[in-house]
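Please look over the sequence and the structure shown here before reading on.

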Amino acid sequence: WSKLLPMLIVMMLFSGTMAIAPSAIAGEKERGTIATLLVTPMRRNELALGKIISLGSIALLSGISSFIGIALSLPKMIYGGDDMNISFSYTSGDYVTLLLIIFVTVLVMASVVSLLSALAKDVKNAGTLITPFMIVIMICGLLPMLQSGVSENLAVYCIPFYNSIEVMAAVLSHELNWSAVAVTI
């Protein structure tokens with residue numbers, strides 16, 4: 001489960017980001033409300049920054065929600081039923097590392113989904129552009145399940161999304177390498 005849970009976490013984060021970004025950016029184009037915003041006395045980069053900050057904030061709230069669910073369920077997953085006696089648990093440092101990785105991952109996701117939504121003409125087109133990105137994330141989530149242990153090669157931790165999944169798997173399997181966390185962040 002230490003290899004499956006990171007993929008599920010990243011998919012939850014992606015679905016939280018995907019739920020808001022296309023309608024906030026491509027939806028504005030489709031409805032024509034972006035034209036109203038563009039004629040207001042503000043610079044375009046201020047508008048873009050406002051969109052990114054608001055989407056990032058909502059995506060971070062989604063990440064916090066996912067983290068709370070994980071934090072509450074991890075002890076139950078470790079100990080299972082009452083008859084199991086497993087002698088390890090997660091430290092507060094493990095939880096902080098997971099939260100930090102979730103924050104970084106969700107901000108990168110929000111940025112990529114926002115960029116793809118900005119390229120789209122409407123919400124349907126945004127969904128079409130984002131689908132290959134979702135497939136890449138799913139493949140990244142499946143790859144750690146095919147290998148034994150956590151990768152020792154720090155170059156692996158330069159690959160977006162795969163690095164987050166690897167670090168989460170390392171935290172959950174108690175094989176954390178702080179250099180890998182630093183490269184990922």
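**A walk through the chain**

The crossing of H4 and H6 is left-handed (left-handed means that the near helix is turned anticlockwise from the far one by less than a right angle, right-handed that it is turned clockwise). This is a predicted model, in which local features need pLDDT of at least 70 and side-chain atom pairs count only at pLDDT 80 or more, while totals for chains, interfaces and linings use all residues. Residues are numbered from 1 along each chain as its sequence is written, and side-chain values use heavy atoms, with hydrogens and water left out.

The chain has seven helices and zero strands, and its pattern along the sequence reads α-α-α-α-α-α-α. Helices (H or I, at least four residues) and strands (E, at least two) are DSSP runs, numbered from the N terminus. Taken along the principal axes, the C-alpha atoms fill a box of roughly 65 × 35 × 25 Å. Of the 185 residues, 40% count as buried; buried means under 20% relative accessible area, exposed over 50%, and partly exposed in between, with a 1.4 Å probe and protein chains only. Among contacts in the chain with a separation of 6 or more, 74% come from residues 24 or more positions apart, where contact means heavy atoms within 4.5 Å.

Two helix pairs can now be followed. Two packed helices are described by the angle between their axes and the distance between the axes. Here axes are lines fitted to C-alpha atoms, for helices over the stretch in contact, and angles run from 0 to 180 degrees between N-to-C directions.

Helix H4 (residues 92–119) packs with helix H6 (residues 162–172) at an angle of about 170°, and their axes are 10 Å apart. H4 and H6 are therefore roughly antiparallel to each other (under 35 degrees counts as roughly parallel, over 145 as roughly antiparallel, 65 to 115 as roughly perpendicular and the rest as oblique). On the H4 side the contact is made by Asp94, Thr97, Leu98, Ile101, Ile102 and Thr105, and on the H6 side by Ser164, Val167, Met168, Val171 and Leu172. The residues of this contact of H4 with H6 divide into seven nonpolar, three polar and one charged. In this grouping Ala, Val, Leu, Ile, Met, Phe, Trp, Tyr, Cys and Pro count as nonpolar, Asp, Glu, Lys and Arg as charged, and the others, Gly among them, as polar.

Asp94 lies in helix H4 and is buried, with a relative accessible area of 13%. Leaving aside its neighbours within four places in sequence, Asp94 is in contact with Val171 and His174. H6 itself is mostly covered, as 11 of its 11 residues are buried. Among them are Tyr162, Asn163 and Glu166.

The second pair is helix H1 (residues 4–31) with helix H5 (residues 123–142), packed at an angle of about 165° with their axes 10 Å apart. That makes H1 roughly antiparallel to H5. The crossing of H1 and H5 is right-handed. Residues of H1 in the contact include Met7, Phe14 and Glu30, and those of H5 include Ala126, Phe133 and Leu142. The contact of H1 with H5 divides into 15 nonpolar residues, four polar and one charged.

A search of the whole structure finds four aromatic pairs. Rings of Phe, Tyr and Trp (its six-membered ring) pair if their centres lie within 6.5 Å; planes under 30 degrees apart count as stacked, over 60 as edge-to-face and the rest as tilted. The rings of Phe67 and Tyr95 have centres 6.4 Å apart and planes at 80°, so this pair is edge-to-face. The pair links distant parts of the chain, with Phe67 in helix H3 (residues 44–79) and Tyr95 in helix H4, 28 residues apart. Phe67 is buried at 13% relative accessible area, and Tyr95 also counts as buried, at 19%. Elsewhere, ring pairs link Phe14, Phe133 and Phe161 into a cluster.

The backbone of two residues remains. Most residues other than glycine have a negative phi, and most peptide bonds are trans. Phe161 is not a glycine, yet has a positive phi of about 70°. Phe161 lies in the loop between H5 and H6 and is buried, with a relative accessible area of 8%. His174, also not a glycine, has a positive phi of about 60°. His174 lies in the loop between H6 and helix H7 (178–184), and at 37% relative accessibility His174 counts as partly exposed.
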